Every structure is written in C-alpha cells, then in structure tokens.
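Hello,

Here is the structure I promised to pass on to you. Have a look at it first, and then read on for what turned up in it.

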Amino acid sequence: MNEPPAPIRILVDGDACPVKDEIYKVAWRHEIAVVVVSNAPFRVPVHPLVRRVVVSDGFDAADDWIAGEAGPRCVVVTADILLADRCLKAGAHVLSSTGKPFTTSSIGGQIATRAIMADLRAGGDVIGGPAPFSKADRSRFLGALDEALVRLKRV
C-alpha cells in the first residue's frame with residue numbers, strides 16, 4: 001500500500017526575512033504549513049498553519065534546524081547562500097526573498113561570488129551591499145512562491 005506523500009511545508013529563515021507577511025498570505029490561500037525559524041522570538045500570527053521555532057543563538061543553529069528539516073516537499077525561503085546549498089542538496093525548493101530561485105545549476109556560482117566578496121571585504125575594499133528591497137522584489141517573490149507551491153501540489 002502506498003503511503004500518502006509528506007505534507008508540503010514552507011520553512012522560513014526568519015531572522016531577517018522581509019516577506020513573512022506575504023508568505024503567510026500565500027500559505028493560507030494554499031492551506032500549507034509555515035515554520036518560521038529564528039534565533040530570537042518575534043511575533044507570528046496565531047494561526048493553525050503557522051509555527052514558530054526559536055533555536056539557540058549558537059552559530060548556524062537556525063540554518064542547521066532548517067537544513068535538517070528540508071526535503072523534496074519543502075519550500076525554503078532564505079537569503080543565505082550556504083543554507084540554500086544545503087537545502088538544495090536535501091531536495092528542497094529554495095527561494096530568496098526577492099523571488100529568485102536558488103537552483104542546483106546556479107548555486108555553485110553564487111557560492112563562488114560570495115567567497116570573492118568576502119575576500120574583498122576582508123582586504124579592506126569598500127564594496128556595496130545588495131540593492132534595497134523593492135516592490136518589484138516583493139511582487140516577484142509572491143509569484144515565485146505561488147508557482148513553487150502549485151508545482152509541489154501537482155506531484
């Protein structure tokens with residue numbers, strides 16, 4: 001007898017995520033559970049589909065929890081390239097908060113760019129950070145999350 005597939009979940013790297021409200025709205029529309037993981041407590045909606053997990057403030061504690069839970073029936077939302085890589089290796093779908101997907105074909109280049117930028121900063125070079133979060137980013141994220149959940153529901 002075949003077991004039913006695992007439920008679809010959205011795992012959120014919550015400490016600096018600018019699209020939490022958008023995640024909740026899309027998740028509720030699709031009736032998908034959301035787990036917001038952070039090092040410090042903050043408010044999340046009181047809703048049966050939303051759960052907050054507060055981990056220790058240890059280095060990478062939230063990343064370790066998310067990577068340990070990630071799998072093929074998960075959408076992970078994070079800006080952390082190294083966490084994205086770990087989640088992709090677990091088979092998860094991974095989105096940045098700007099709606100750009102992390103993929104197995106793009107992650108290697110993103111990790112290399114991250115390393116180069118870290119070396120430049122360590123050498124004292126003044127380099128700009130990411131562009132400010134925009135309405136277009138928010139809109140792209142909403143579409144990408146909706147599309148990812150629709151795809152997962154078909155499987």
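**How the chain comes together**

Among contacts in the protein between residues at least 6 apart in sequence, 47% join residues at least 24 apart. Please keep in mind as you read that this is a predicted model. The protein has 155 residues, and 39% of them count as buried. You will find five helices and six strands, and from the N terminus on they run β-α-β-β-α-β-α-β-β-α-α.

Ala-6, in the segment before strand 1, is 66 residues from Pro-72 in sequence, yet their C-alpha atoms are 9.1 Å apart in space. Ala-6 is partly exposed, with a relative accessible area of 43%. Gly-71 belongs to the loop between helix 2 and strand 4 and is buried, at 9% relative accessible area. Beyond its neighbours within four places in sequence, Gly-71 is in contact with Ala-90, Gly-91 and Ala-92.

Which of its residues are buried? They are Asp-137, Phe-141, Ala-144, Leu-145, Ala-148, Leu-149 and Leu-152. These residues cover an arc of only 130° around the axis, so they sit on the same side of helix 5.

The largest nonpolar core has 22 residues, and Ile-10, Ile-23, Val-34, Leu-145 and Leu-149 touch the most other members. Strand 1, helix 1, strand 2, strand 4 and helix 5 are the elements that give two or more residues to this core. Helix 5 gives the most, with six residues.

In soluble globular proteins, nonpolar side chains tend to be buried together.

**Helix 2**

Helix 2 takes in residues 61–69, of which Ala-61, Ala-62, Asp-63, Ile-66 and Ala-67 are buried. Among the elements that cover these buried residues are strand 1 (9–13), strand 2 (33–38), strand 4 (74–77) and helix 3 (81–89).

**Two buried serines**

Ser-38 has its place in strand 2 and is buried, with a relative accessible area of 0%. Its side chain reaches the backbone oxygen of Ala-40 at 2.7 Å. Leaving aside neighbours within four places in sequence, Ser-38 is in contact with Asp-15, Val-53, Val-54 and Val-55.

Ser-96 lies in the loop between strand 5 and strand 6 (101–102). Ser-96 is buried too, with a relative accessible area of 9%. A polar contact of 2.8 Å joins its side chain to that of Thr-98. Not counting residues up to four places away in sequence, Ser-96 touches Thr-78, Phe-102 and Phe-141.

**The cysteines**

How many disulfides are there? With a cut-off of 2.5 Å between cysteine sulfur atoms, the count comes to zero. Take Cys-74: the closest cysteine sulfur to its own is in Cys-87, 8.3 Å away, which is too far for a bond. Cys-74 is buried, with a relative accessible area of 4%, and Cys-17 also counts as buried, at 9% relative accessibility.

Enjoy exploring it!

Best wishes

Notes. Residues are numbered from 1 along each chain as its sequence is written. This is a predicted model: local features need pLDDT of at least 70, side-chain atom pairs count only at pLDDT 80 or more; totals for chains, interfaces and linings use all residues. Side-chain values use heavy atoms; hydrogens and water are left out. Buried means under 20% relative accessible area, exposed over 50%, partly exposed in between (1.4 Å probe, protein chains only). Helices (H or I, at least four residues) and strands (E, at least two) are DSSP runs, numbered from the N terminus. Contact means heavy atoms within 4.5 Å. The arc is that of the directions from the helix axis to the C-beta atoms. A polar contact is a pair of N or O atoms within 3.5 Å; within protein, one must be able to donate a hydrogen and the other to accept it, and residues adjacent in sequence count only if both atoms are side-chain atoms. A nonpolar core is a set of buried Ala, Val, Leu, Ile, Met, Phe, Trp, Tyr and Cys residues joined through side-chain atoms within 4.5 Å.
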